[in-house]
Amino acid sequence: MSEKEVLIVGAGPTGLVLAMELAYYNVPFKLIDQKSGPGESSRAMLVVPKVLESYQKYELDQKILSLGIQPHAVHYYLNNRRQATIPLKRIGSGQCIYPNVVTFPQDKHEQLLVEQLKNMGHDVFWSTRYETAEETGDGVEVNLNQSGQSSKGIYRYVIGCDGASSQVRKDRHIKFTGETYEEAFYVLDATVEGDLLHDRSISFSFKGDHFALFFPLRDKETTRVIGMYPPDLTEKKDFSFESLRPYIEEAHCVSITEKNWFSDYRVHRRTADHFKDGAFFLAGDAAHVHSPAGGQGMNLGIGDAVNLGWKLAEVIIHQTNEKILDTYEAERKALAESTVSLTDRAFKTIASQSLISQLTRMVGIPLVTRVGSRSGLLQKALFKILSQLYISYEETPLNTPSETKLKSGERLPYVDGEPLEFTREAGWQLHYFNDPLEGEVTRIPSRIRPVKRRWTDKARDAGFEKDHLYLIRPDGYIS
């Protein structure tokens, strides 16, 4: 059984990152996708620092930082008048080695991941469709169809990373609880001109029942526009660019001189009832979908992949008790549910025409934004949420209560100004400060890398205690 491959179904960002994680730990796998190649459309734009930390060991963090844009500010417009601005440049200073969020289109992101996987000696099996599967005494027998040819294979585990319409989830009869919003959204890449467009900044514009986000793309000649269709077009089911264009131009006082790409889509809020069912797992959009508010969706799916990847490696390569795989659902499902709930509230504030929502848009958001532009504490809190640095696993089965300042399940704290002495999320590590403990450190298993840290006031302020040993999980959390 330990020699059998893991089957990953779906080569979007979640599936590709899971494949990279398994390749990193030398876990045998097969990655399939029913598409003929990497995605050519892009909805997700934001890459958060938590994901960049996971990419350090592949040196993809620096590639994305160089290829993407680190926005300097978010501008809030109401009725085409700028109400407030939140500076983003180094908004996360002191919290993370990456003090900014990055905008990088999902299609380019996927191409980069496919290239990285290839550099690690693995390819995606494109034009290959998952059909059905059944657990047997030998593993999971899966029926596949590659370019019209049926085949069967035996796998140890099957991971559904195949999106909101997941065939793996449907095949396992796992409910996808939630709803589909009535509102329709669009994504547009175009050459756009107007006063609300700013170099290296994001603009959020709201007028009446129409709102849109404007992102600068890398070539500076193109703008990504994400917004909601006006209600009258939605009622007519008229989702053409030709009908939408005058609404965008009039509502936001912009001129669209050239369209490069356009797509419409629906927004859902759903969470799978289970992320694990025997030898089957769900990750990314197959497990949870929600509104694009806050840009959390793709990043949350990548976090699923990182969490599950090291646990599969523990079981398959190091023969750890399989019960550790149960903690994947325990750690990620509650997080997904809270994210779906949070983004749902944010979406309804944006989309609703209720009096409370209108007052929030006209008074509440500008007021909070103005305060946030001057308040370091508010900016710090905003960055912690956007960056996903808030994620913690303290209440899950892998951890036990302790009296230490830093708790099991917390993210390994960042010590501001400390030179990078280790790579985050790169296998098991044992961090220590005190020389007398070095004799003990030599007794740890060879696959756990000892990391001697410098004891400083900032290390103390971050919660470390000089005479403690800190065992760090492969995903960067204290064990």
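**View 1. Gln388 is placed in the loop between helix 11 (376–386) and strand 19 (429–432).** Helices (H or I, at least four residues) and strands (E, at least two) are DSSP runs, numbered from the N terminus. The model is predicted, with local features needing pLDDT of at least 70 and side-chain atom pairs counting only at pLDDT 80 or more, while totals for chains, interfaces and linings use all residues. Residues are numbered from 1 along each chain as its sequence is written, and side-chain values use heavy atoms, without hydrogens or water. The phi angle of Gln388 is near 65°, a positive value in a residue other than glycine. Because its relative accessibility is 2%, Gln388 counts as buried (under 20% relative accessible area with a 1.4 Å probe and protein chains only; exposed is over 50%, and partly exposed lies in between).

**View 2. Ser127 is a further residue other than glycine with a positive phi, here near 55°.** Its place in the chain is the loop that runs between helix 4 (106–119) and strand 7 (128–136). With a relative accessibility of 28%, Ser127 counts as partly exposed.

**View 3. The largest cavity has a volume of about 120 Å³.** A cavity is a set of points on a 1 Å grid over the protein atoms alone where a 1.4 Å probe fits but cannot get out, and its lining residues have an atom within 4 Å of a point; grid points are joined across faces, edges and corners, and the volume is the space filled by probe spheres set on them. Among the 15 residues that line the largest cavity, those nearest its centre are Lys50, Gly303, Val306, Arg332 and Tyr393. Helix 2 (49–55) and helix 8 (297–318) are the elements that give two or more residues to this lining, and the largest share, five residues, comes from helix 8. Since domain 1 (6–67 + 104–175 + 273–343) and domain 3 (410–478) both contribute to the lining, the largest cavity lies between them.

**View 4. The second largest cavity has a volume of about 30 Å³.** Its lining is made up of Val168, Arg169, Arg172, Ile174, His274, Phe275, Lys276, Asp277, Phe280, Phe281 and Leu282. Two or more of the lining residues come from each of helix 5 (167–171), strand 16 (276–277) and strand 17 (280–282), and strand 17 gives the most, with three residues.

**View 5. The largest nonpolar core has 91 residues, and Tyr130 and Tyr157 have the most contacts inside it.** Such a core is a set of buried Ala, Val, Leu, Ile, Met, Phe, Trp, Tyr and Cys residues joined through side-chain atoms within 4.5 Å. Helix 8 gives the most to this core, with 11 residues. Domain 1 and domain 3 both supply residues to the core, so it lies between them. When neighbours within four places in sequence are left aside, Tyr157 is in contact (heavy atoms within 4.5 Å) with Glu5, Val6, Leu7, Ala279, Phe281, Leu312, Val315, Ile316, Glu322 and Leu325. A second, separate core of 18 residues includes Phe214, Leu244, Ile248 and Ile256.

**View 6. Ser201 belongs to strand 12 (residues 201–207).** With a relative accessibility of 7%, Ser201 counts as buried. Apart from neighbours within four places in sequence, Ser201 is in contact with His72, Ala73, His75, Phe214 and Pro216; of these, Phe214 is also one of the residues of the second core.

Methods:
1 Å grid on protein atoms, 1.4 Å probe; cavity = no way out; pocket = protein on both sides within 12 Å on 5 of 7 lines; lining within 4 Å. Domains from an automatic or database assignment.
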